[in-house]
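We will go from one stop to the next.

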Amino acid sequence: MTKISHSRRSFLRVLGAAGAGAPILARAERLEAALPPPLDPDGFDAANPVSVRRLRDSYFLSPDLVYLNHASIGTVPRPVHEAHAGYLELCETHPSLYVWGGVWREVTEDTRVAAARLLNCRPDDLAITHNTTEGFSILAQGLELDPGDEVLFSSLNHAGAAVAWDELGRRRGFTVRRFDFPLERAPELSVDEVVALHLDAVRPETRVLVIPHVDNMIGMTHPIREIAEAARARGVEFVFVDGAQSAGMISVDLAAARVDAYAMSGHKWLQSPKGLGLFWASERLQAAVPRMWFKTGGDRVGMTARKYEDYSTRAWPAVVAFGDALDFQASIGVEEKERRYRALWTRVYGRTTEDSRLHWGSPVDPALRSVIMAVGVQGRAAPELGPMLLERHGAVLRAFGGRLNTLRVSPNLMTEDESLDRILDVLASQGA
Ligand SMILES: Cc1ncc(COP(=O)(O)O)c(C=O)c1O
């Protein structure tokens, strides 16, 4: 099993250093002793259905649901929830010490370090925010753009990365433009073609390019480094990445990515408590984009990316439990995670392409695909099928209408093969 760090074990050290009295120390000691290990000590074996079933049992998910909507919102593992509940109780034993005494602030640094390890970046360049949308609000509010400057998106971008630019563009006079991504060609696209599609859309006035790392409709893993390098060579000044669907699902290497900012939500693939995200900004960008929040007491955190999260009283227990969520994911191990997701992709792709009543709408190139998969049902409008799938089969999938007309299958490591097969059979039975 992968060696992990335990942010949860830091309370005693920090409280001791803060000179907390004996009753508080005793309480923290009891909490730390009671916290369950992040994962079954045997670890996770992607090829073993018993291990998948044991992992499934580590969640609260209702047993009558086949939850294939992890791309919309994830679910918190029991050990992470229990740690969170323990921190909430601890906080209430001495609220002012915990909220204002710097205890949580210090323990939070363990969460930051664990997150930086996951994303391969410096902790100082990382803020612990609420979600992806907040990261893009920080960027759109803070970056100085003039009338005539352009922010460029593809039609695969989620509104969470775009709404702040749309609104502020109207107020300040800069332009926001979207180019049409050829959804129908997704299964045959190569990395070079995806880079070319982005490059062809760049104009001399494009100062900012925003790309999803993995989009939420067809699950295309964008080659962010290649796109960023090509766009820069064309004169684009800043490349920002929407990581809502990538961190926790695929490996992220910000040191190698050559981008300027990356914003994500912990409550999807990292399965953190809801309302937690990460925002990474390069040093160059930190110099260009000021803090978004203002609060009494001035700037307590200096000129690192911590300035973007310094918004006064916050839900510290959840922030610390984010560290437990990161530990939980780390304890699964990158290789086992990749192995399980590869197997799930192969299963869904195989069954979909073998059955003439279904059709496949996502990338196939191994460098472009992900475990967010678009499956269409021949002759049917996907949005009509959603309610029936839930009511009759307990299946939760997001439907996309229009040109795409697919159901999004977004399983998780703990999704069992049989339940996936069962729902694909139901989908096929609805096709013409
Ligand atoms: C690609 C993408 N970006 C941004 C968001 C917005 O996430 P949040 O509401 O957590 O800010 C989502 C949510 O589904 C998403 O899929």
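Two strands count as paired if DSSP finds at least two bridges between them. Helices (H or I, at least four residues) and strands (E, at least two) are DSSP runs, numbered from the N terminus. The model is predicted, with local features needing pLDDT of at least 70, side-chain atom pairs counting only at pLDDT 80 or more, and totals for chains, interfaces and linings using all residues. Residues are numbered from 1 along each chain as its sequence is written, and side-chain values use heavy atoms, leaving out hydrogens and water.

**Stop one: the sheet.** Select residues 150–154, which are strand 3, and then 175–179, which are strand 4. These two strands run parallel, joined by 5 bridges. Click Val151 and look across to strand 4, where its bridge partner is Val176.

Now zoom out to the open sheet of 7 strands, whose order is 2-8-7-6-5-3-4 with mixed pairing. At its edges are strand 2 and strand 4, each pairing on one side only.

**Stop two: Asn120.** Next, select the loop between helix 6 (103–119) and strand 2 (126–129), where you will find Asn120. Its phi is near 55 degrees, a positive value in a residue other than glycine. Most residues other than glycine have a negative phi.

**Stop three: Asn405.** Finally, move to the loop between strand 12 (398–400) and strand 13 (406–409) and pick Asn405. Here phi is near 50 degrees, again positive in a residue other than glycine. At 22% relative accessibility, Asn405 is partly exposed.

How values were computed: Buried < 20%, exposed > 50% of the residue type's maximum accessible area, 1.4 Å probe, protein only.
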